[in-house]
Amino acid sequence: MKRFTILALISLLLVACATSPTGRRQLMLVSEETAISASKEAYAQTLKPLSEEGKVDNDPVLTKRVTEITERLVAQAVKMRPATSAWDWSIKVIDDPEVVNAWCMAGGKMAIYTGLIEKVQTTDDEIAQVMGHEIAHALANHQAEKMSVSMATSVGVAAVGVVSDRPGIAMSGAAAAALLAIKLPNNRAAETEADRMGIELAAKAGYDPRAAVTLWEKMGKVGGGNRQPQFLSTHPAPENRKQALGARV
Ligand SMILES: [Zn+2]
């Protein structure tokens with residue numbers, strides 16, 4: 001019986017494996033479709049209270065600036081992976097000067113927090129690097145991969161209780177897992193993959209690849225205080241990345 005269970009588990013894992021755009025094997029217990037629909041719900045639920053507080057896209061100049069950058073990146077993302085032209089891509093600027101973060105959920109639902117722009121004083125080239133990197137995570141299906149790993153290790157089930165920062169927000173289990181997925185760190189291989197693809201996307205969209213290095217330098221300085229930027233808490237140490245990126249650009 002025990003052997004049967006182990007064999008069943010192994011065959012499940014084999015069936016559930018996928019290959020990323022750079023040829024890496026991924027554990028996939030959650031389909032990309034599930035990740036996309038769960039993300040859609042998580043996105044709407046995350047933005048709703050912020051929107052009611054007037055914190056979403058409340059600076060037309062900044063919204064226009066960020067939208068223009070992400071539109072150029074999305075045009076390249078669609079060329080890199082044509083099926084994503086069917087995605088309902090969206091970017092929102094969230095007014096929270098204390099949050100140094102940005103993300104792109106499965107299906108192209110993006111957000112950038114004003115802290116990343118104001119505290120880090122990011123240039124357009126640097127914003128393009130952050131968003132290119134985040135878009136790459138979505139293109140490579142990293143969110144479904146993280147949802148799968150959470151499920152496989154059952155960490156996700158226990159952790160779902162902590163995903164909602166705001167009490168009273170009801171979310172389906174899948175949406176909560178999708179939200180959790182953007183808050184958990186990616187593995188090192190997924191990060192390297194997102195760096196590689198992100199720099200390529202940004203370069204093809206006309207943004208300077210050297211900004212990938214200056215971005216991490218500036219981000220590291222912001223992280224010098226006692227509050228580490230959220231973005232850095234889910235990403236490898238700036239020093240390690242800078243070296244790897246420096247070798248690339
Ligand atoms: Zn990343």
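Guide: The crossing of α3 and α9 is right-handed; a crossing is called right-handed if the near helix is turned clockwise from the far one by less than a right angle, and left-handed if anticlockwise. The model is a predicted one, in which local features need pLDDT of at least 70 and side-chain atom pairs count only at pLDDT 80 or more, while totals for chains, interfaces and linings use all residues. Residues are numbered from 1 along each chain as its sequence is written, and side-chain values use heavy atoms, with hydrogens and water left out.

Two packed helices are described by the angle between their axes and the distance between the axes. For helix α3 (residues 60-80) and α9, the angle is about 115° and the axes are 8 Å apart. Here the axes are lines fitted to C-alpha atoms over the stretch in contact, and angles run from 0 to 180 degrees between N-to-C directions. Helices are DSSP runs of H or I with at least four residues, strands are runs of E with at least two, and both are numbered from the N terminus.

Which residues of α3 and α9 meet? From α3 come L73, Q76, A77 and M80, and from α9 come M197, E200, L201, A202 and K204. By class, this contact of α3 with α9 has six nonpolar, one polar and two charged residues. In this scheme Ala, Val, Leu, Ile, Met, Phe, Trp, Tyr, Cys and Pro count as nonpolar, Asp, Glu, Lys and Arg as charged, and the others, Gly among them, as polar. Contact means heavy atoms within 4.5 Å.

Helix α9, which spans residues 188-204, also holds A190. At 1% relative accessibility, A190 is buried; buried means under 20% relative accessible area, exposed over 50%, and partly exposed in between, with a 1.4 Å probe and protein chains only. Leaving aside residues up to four places away in sequence, A190 touches R24, H137 and H142. The C-alpha atoms of A190 and T22 are 9.7 Å apart, although 168 residues separate the two along the chain.

Of its 249 residues, 47% count as buried. Among contacts between residues at least 6 apart in sequence, 70% join residues at least 24 apart.
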